[in-house]
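Student: I would like to learn how to read the features of a model such as this one, taking one kind of feature at a time. Could we begin by putting it on the screen?

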Amino acid sequence: MAVNRVPVLKRCRSLGLDPIYLGINKKSYRELKRANKKLTEYGIQLREKQKAKFIYGVLEKPFYNYYIKAANMNGMAGENLMILLERRLDNVIFRLGFARTRKEARQIVDHKNVLVNGKCVNIPSYLIKAGDTVEIKEKCKSSQRYKDVLETTNSRLVPEWLEADKENLKGVVKQLPIRENIDVPVDEMLIVELYSK
């Protein structure tokens, strides 16, 4: 498995991205203004794709596969792409507030601590459906890790397409997300333009 070892804040700075979208609340982070280096049209499109890949923690090949799947679905390819990325199990765990960052959510899923509709799922890219119940395993609920996580994520807003029961570490997918529910600062139309060249 490929691992991205670039420091997170350095990557955020290079992409012009606020670390809060990754679940990192860094007070020491300050945005540096770059010299007036003009980006080409291709450079702008590439930066948007890199931003989306970095936020959701997806590598190039699976990201391209999401794009192909999104292009074959009904509706706009860009919106479908963002909805597919938002439906990933690791992202849902992050959105429910059961993990501080998406990387931590991925680790929680990898360690077989998550049940989807009562069955153990350890695939971070598993796509949830409307009506699915996502919860942390019973034996893990009492661990200090989740108490610390809930303390940290207590003030985080849960999107309206999800319903979270933080006391029982359980959540329900009320409906599939729509683009208006996704607060990620990515212009998906630029990604579509990049791939459709």
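Student: At what angle do helix 4 and helix 9 pack, and how far apart are their axes?

Tutor: Before the answer, note that this is a predicted model, in which local features need pLDDT of at least 70 and side-chain atom pairs count only at pLDDT 80 or more, while totals for chains, interfaces and linings use all residues. Residues are numbered from 1 along each chain as its sequence is written, and side-chain values use heavy atoms, with hydrogens and water left out. Helices (H or I, at least four residues) and strands (E, at least two) are DSSP runs numbered from the N terminus, and axes are lines fitted to C-alpha atoms, for helices over the stretch in contact, with angles running from 0 to 180 degrees between N-to-C directions. Here helix 4 (residues 77-86) packs against helix 9 (residues 188-195) at an angle of about 110°, and the axes are 8 Å apart.

Student: How is the orientation of helix 4 to helix 9 described?

Tutor: Angles under 35 degrees count as roughly parallel, over 145 as roughly antiparallel, 65 to 115 as roughly perpendicular and the rest as oblique. Helix 4 is therefore roughly perpendicular to helix 9. The residues in contact (heavy atoms within 4.5 Å) are A77, G78, E79, L81 and M82 of helix 4, which meet E188, I191 and V192 of helix 9. By class, the residues of this contact of helix 4 with helix 9 are five nonpolar, one polar and two charged, where Ala, Val, Leu, Ile, Met, Phe, Trp, Tyr, Cys and Pro count as nonpolar, Asp, Glu, Lys and Arg as charged, and the others, Gly among them, as polar.

Student: Which orientation does helix 3 have to helix 4?

Tutor: The axes of helix 3 (residues 60-72) and helix 4 come within 8 Å and cross at roughly 125°, which means that helix 3 is oblique to helix 4. In this contact F63, Y66, Y67, K69, A70 and A71 of helix 3 meet A77, N80, L81, L84 and L85 of helix 4, and the residues of the contact of helix 3 with helix 4 divide into nine nonpolar, one polar and one charged.

Student: Turning to charged side chains, how many salt bridges does a search of the whole structure find?

Tutor: A salt bridge is a side-chain nitrogen of Lys or Arg within 4 Å of a carboxyl oxygen of Asp or Glu, and the search of the whole structure finds 12 of them. R88 forms one with D90, the closest N and O atoms being 3.1 Å apart, and the side chains of D90 and R106 meet in another at 3.8 Å, N to O. D90 lies in helix 5 (residues 89-96) and R106 in helix 6 (residues 102-110), so this pair ties together parts that are 16 residues apart in sequence.

Student: Is R88 buried or exposed?

Tutor: Buried means under 20% relative accessible area, exposed over 50%, and partly exposed in between (1.4 Å probe, protein chains only). R88 is buried at 3% relative accessibility, and D90 is buried at 3%, whereas R106 is partly exposed at 26%.

Student: Which residue forms a salt bridge with R179?

Tutor: The partner of R179 is E188, with the closest N and O atoms 3.0 Å apart; R179 is buried at 13% relative accessibility, and E188 is buried at 10%.
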